[in-house]
Amino acid sequence: MGTMFAKIWDRHVVTRRGGDVLLYIDRQLVHEVTSPQAFEGLRLAGRPVRRPGAILAVPDHNVPTTPDRAERIDDRESREQIEALRKNALGAGVTLIDITDPRQGIVHIIGPEAGLVLPGITIVCGDSHTGTLGAFGAIAFGIGTSEVEHVLAAQSLWQKMPRQMRVTVTGALRPLVTPKDVILSVIARIGASGGTGYAIEFAGETVRRMSMEGRMTMCNMTIEAGARFGLISPDEITYAYLKGRPLAPPPGMWEAAVADWKTLPSDPDAKWDREVALDASALEPHVTWGTSPQDALPVGGAVPDPAAQADPGEKDRMRRALEYMGLVPGTRLTDIPVDKVFIGSCTNARIEDLRAAAAVAKGRKVAPGVTALVVPGSGLVKKQAEEEGLDRVFLDAGFQWRLPGCSMCLGMNPDKLKAGERCASTSNRNFEGRQGPGGRTHLMSPPMAAAAAVTGRIADVREVAR
Amino acid sequence: MREKFTFLDTAGVPLDRRNVDTDAIIPARYLKTIKRTGLEEGLFFAWRYDADGRERPDFPLNRPSYRGGRVLVAGENFGCGSSREHAVWALMDFGFRAVIAPSFSDIFHNNCLKNGMLPVTLPAADVQSLIDALLAAPGCRVEVDLPGQTVKGPKGDVHRFSIDPFAKTCLLEGLDEIALTMKSAPEIDRYERERKAATPWLFRDIPG
Ligand code: SF4
């Protein structure tokens with residue numbers, strides 16, 4: 001009778017206080033930017049880390065992506081944060097995947113690779129894109145630093161049950177249309193705050209056919225619709241992904257675990273507070289034109305005109321966005337030139353993303369004047385891509401092939417846009433200054449970003465790859 | 001641990017924008033700190049300063065009549081985007097103790113409460129009327145009364161707001177939430193034992 005979210009939630013209730021529950025947290029991921037103050041808070045209060053074995057630490061946000069990073073990190077503050085993470089992990093007995101570790105990468109990518117994220121668990125990280133991990137049928141959510149400290153100390157958090165939304169996607173995706181296009185169109189439909197207060201479960205045949213990589217891309221961006229939680233019920237695709245990973249249930253426990261996971265999916269008569277249906281069979285590749293992820297349009301479209309918007313607040317927001325983006329209403333999206341291309345981030349830097357981008361880059365050249373970066377999401381993704389020869393494809397086409405990290409997704413490391421530069425990016429946020437002060441971001445899928453790289457403008461990948 | 005929150009009677013600072021994201025509140029380059037303080041410099045950096053580092057005179061935080069204001073009044077979906085608690089720390093470093101908006105992102109809202117900052121949700125029309133009044137008469141005052149759960153605008157208009165009773169108590173008394181939770185340690189111990197028995201595969205330590 002319940003939603004999958006409610007079933008997992010109920011299993012994790014330690015105790016209640018009014019309308020709040022103390023929710024047990026099975027696992028926590030920590031990175032260098034949002035954890036130092038949490039560890040410091042514990043130290044000041046003289047509190048130990050309750051379950052060090054349930055925590056995994058990794059530096060990802062401000063690590064350089066150039067080969068010399070093991071020897072030197074020029075930025076003093078970045079270095080200090082990475083060193084603080086090392087010290088804190090060591091002091092607490094928490095496992096750290098350091099920058100020289102072949103498994104290092106973006107926190108939301110390495111967790112699944114380790115088999116750390118399993119159906120039915122609760123997992124948190126001081127990072128809003130933790131919802132990514134809900135793709136395994138888990139309650140996964142981003143928290144602030146005070147909450148990180150709370151989980152370190154008590155392995156639990158006071159929470160209110162969110163409302164339940166189901167987004168059902170049907171129809172086969174057309175060639176070169178990806179899960180990124182699906183989620184961009186969902187966000188455009190419900191708006192940047194349409195999911196506030198909700199957990200969103202993605203369902204429907206289109207989602208069932210997606211790989212774990214694609215499902216993670218979908219759940220990654222639920223926060224861009226305001227929802228802290230995105231989730232997808234586990235199935236054979238999930239089990240096949242997990243089997244044999246370091247922290248997946250070992251052979252003697254595997255059967256019991258799978259039997260348990262099969263009880264998780266939402267019941268047919270589960271009650272939803274809101275339902276959204278999307279027919280994806282005619283969906284086109286999507287691109288954003290503005291400074292909110294909700295500003296997504298099919299690539300065949302044109303920059304919208306604020307004057308046509310009735311709501312004064314929205315009109316004003318659109319005007320401001322166009323001014324920042326340096327765009328004029330009516331301009332065709334495919335007439336917008338780009339300076340940089342970024343293929344990376346926890347949204348789209350898994351192996352499947354790199355394969356899709358490489359298929360477009362293959363035998364083509366990055367357009368003159370364009371700088372294009374490929375930043376694999378983790379050391380394991382990088383290794384696999386190299387085994388498949390994808391690095392050669394990118395390098396031959398004139399892309400740069402970097403070491404794993406968040407990189408130009410948020411410009412905390414040296415990879416950033418200069419003021420006025422325009423970037424085709426596979427990341428998740430096109431906020432003002434996100435990729436560097438004054439930088440302009442257009443969000444899109446990996447094949448679309450590769451098409452932008454080889455044409456020097458936003459392009460319909462279906463025409464480029466023809 | 002935290003500062004207590006009871007009343008505010010202060011200049012209101014209008015920020016007539018919706019979807020103000022945490023990258024705008026504090027850009028990523030200011031997050032490279034291991035402290036909770038010293039973040040006021042980065043607050044709304046790209047909106048406060050131009051490319052040459054000069055203050056933009058028309059941005060509300062730079063206008064003399066709004067200086068010292070401790071209540072920010074903004075558009076819907078305030079604090080969307082990243083989970084960075086630095087956004088709250090920066091607002092507090094600058095002097096803000098409350099934000100009034102038609103809606104907040106879930107994580108930002110939580111982060112406020114953990115730090116003794118009051119997020120007040122009011123209907124969009126009420127917020128717009130407050131913003132309009134503050135823009136029309138810069139420097140005029142807004143009163144926030146947490147015990148009574150009201151906001152009083154510059155024209156004497158009174159707006160009631162709701163707040164979770166536990167969050168209210170924590171704000172009024174400046175409580176340390178972790179210390180409170182620690183009282184539930186026996187329940188956590190018991191839960192953990194049961195969970196370990198039911199799903200032993202979740203209790204294998206993460207390999208180094
Ligand atoms: S890749 Fe971008 S969105 Fe993902 S964790 Fe890193 S900074 Fe955040």
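Contact is taken here to mean heavy atoms within 4.5 Å. By this criterion, in the predicted model, 58 residues of chain B are in contact with 86 residues of chain A. The size of an interface is often given as the accessible area lost when the parts come together. For chain B and chain A, the area buried between them is about 6,000 Å², of which 54% lies on carbon and sulfur atoms. On the side of chain B, Lys32(B), Trp201(B) and Ile206(B) contribute 15% of the area buried against chain A, more than any other three residues.

Polar and charged interactions also link the two chains. Between chain B and chain A, 32 residue pairs are in polar contact, with both residues at pLDDT 80 or more. Salt bridges between chain B and chain A number ten. A salt bridge joins the side chains of Asp176(B) and Arg47(A), with an N to O distance of 3.2 Å.

Residues of chain A surround the ligand, including the histidines His61(A), His108(A) and His129(A) and the cysteines Cys346(A), Cys406(A) and Cys409(A). Ile106(A), Asp127(A), Ser345(A), Leu410(A), Asn428(A) and Arg434(A) are also among the residues around the ligand. Classified by residue type, this shell comprises five nonpolar, five polar and two charged residues.

Note on methods:
Residues numbered from 1 in each chain as written. Chains lettered and ligands numbered in written order. Predicted model: local features only at pLDDT ≥ 70, side-chain atom pairs only at ≥ 80, totals over all residues. Heavy atoms only, no water. Near = heavy atom within 4 Å. Nonpolar A, V, L, I, M, F, W, Y, C, P; charged D, E, K, R; others polar. Buried area = accessible area lost by both parts, 1.4 Å probe. Salt bridge = Lys/Arg side-chain N within 4 Å of Asp/Glu carboxyl O. Polar contact = N/O pair within 3.5 Å; in protein donor to acceptor, adjacent residues only side chain to side chain.
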